[in-house]
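Student: I would like to learn how to read salt bridges in a model. Can you take me through some cases?

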Amino acid sequence: MTRQLTFRQQQHHLTNTGVWSWDGCWIYYDIRSDENGSVFDGSRIERAHTKTGEVEVVYQAPRGASVGVVTASPTENKIAFIHGPEEPTPDWSYCAYHRRGVSVCPGDESSMRNLDARDVVDPFTPGALRGGSHVHVFDAKGEWISFTYEDHVLATNLANGQLNQRNVGVSIPVQSVSVPKSHRRNHDGDCFNVLVTQTHDRPEIGTDQISKAYEDAWVGMKGYQRPDGTTQDKALAFIGDVLIRNEESGDQESSNGAGSESSKQQFKTVPELFIVDLPRDCTVAGAEPLQGTATTRPVPPAGTVQRRLTRTADRVFPGLATDVRHWPRSKPDGSEIVFLIRDDNGVIQLGAVSPNGGSLRQVTDGNESVASAFSIHPGGEFAACVMGNSVCEVNLNDGHVETVAKGDGLFRCLSFAVVYSPDGNKIAFGGAVEDGERSFNQIFLTDSKQTS
């Protein structure tokens, strides 16, 4: 049973995860004006009731700000989303390092709170960010929130500092953070924020050093079990860009590594799967200040462990298949992390690996590529994704694929989100529907064949 939930002549953008309210009654979305969501100009966060189709405006952005990429708490009536700058100016308009995370309790716009404080003036404030956060996702308990981050200080610093690189961070509701009002765009926040990944300006070739960390996902409902039987309570899987030898170049390795022009031809960037184990107390700094300096990036807290999980340089098509934008997903018990990878014929398949590392397991083996972000059923045995112009469910044990919704000319399946309901009985996805001379992204619901 597949039905269209929204019908208004506007775009409806689902985030890749967390689109369902905790009770399964509402679907949250934003209204960015272009089909791909690449223009960040939405002024509202909305929701549609899954039974009646009733639409409510949850948040209206004030003073010229734009909002989007909304996710819902799995445990309570609360959402988080990106908030662009109010009263944007030429020197502070929306961009990757000029945005912030906010939370709202639907039905009470006055409940809006900044998740992350911002302090862009040296000396910086521990627990505050110096730039912008993006894609805010609650953990299974609805407490910690992960995000990706870029740094205003380094992006605009003309001195010889480190590069502004995308990293992953967390907002932790252990204490609010107040900052000096030494810059007009500084503001306080409700959570203590830290970066938890470490990147390098010039990663060494063939090592586990990365130049970018992105597309993060919480591991397990309660973390995962280590080989010694102990539990790692909180961990994030993410994609990290490493450098490998470009065999097609035919050149010899440069002694200058990734820093020389010649090496840019000799080596290529490959996205691999990583995991970062988080300490229980992320407020404790290690040898360097959590908040960074005027010329260095913020750093992870003491006790953070970053590890590489996949090594694909020897495959015909090295790296994760990031040309289909997706986020790794963990099984609820934390036993495996699932992602997209190309087989030897170039077909995009589901792959999986243990959070403890080991051999990569190719889950699917079909002729049709996975063409979307995906989610994992609450039971842990199935994943929902797009293949062709159909929404499918994949058995994660044997790779069997079953179609649950076909476009059949009524809509074109979109690649951004295919998300199970909290009880696993329904799947929400986006479909482009022709309406006169225009096409609008609408939200559809279909029944899972794995109903409880």
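Tutor: Start with K449. This is a predicted model, and K449 is partly exposed in it, with 45% relative accessible area.

Student: Which side chain does K449 meet in a salt bridge?

Tutor: First the general idea. Side chains of opposite charge can pair when their charged atoms come close. Here the partner of K449 is E402, at 3.2 Å from N to O.

Student: Where in the chain do D233 and R280 lie?

Tutor: Their side chains form a salt bridge, 2.7 Å from N to O. That pair links distant parts of the chain: D233 is in the loop between strand 15 (231–232) and strand 16 (235–245), while R280 is in the loop between strand 17 (267–277) and strand 18 (305–308). The two are 47 residues apart.

Student: Is R280 buried or exposed?

Tutor: Exposed, because its relative accessibility is 70%. D233 is partly exposed, at 32%.

Student: What about R47: buried or exposed?

Tutor: R47 counts as buried, at 10% relative accessibility. The cut-off for buried is under 20%. R47 forms a salt bridge with E56, and the closest N and O atoms are 2.9 Å apart. E56 has 25% relative accessibility, so E56 counts as partly exposed.

Student: Which residues are linked in a network of salt bridges?

Tutor: D208, E272, R308 and R311.

Student: How many salt bridges does the whole structure hold?

Tutor: A search finds 23.

Definitions and conventions: Residues are numbered from 1 along each chain as its sequence is written. This is a predicted model: local features need pLDDT of at least 70, side-chain atom pairs count only at pLDDT 80 or more; totals for chains, interfaces and linings use all residues. Side-chain values use heavy atoms; hydrogens and water are left out. A salt bridge is a side-chain nitrogen of Lys or Arg within 4 Å of a carboxyl oxygen of Asp or Glu. Buried means under 20% relative accessible area, exposed over 50%, partly exposed in between (1.4 Å probe, protein chains only). Helices (H or I, at least four residues) and strands (E, at least two) are DSSP runs, numbered from the N terminus.
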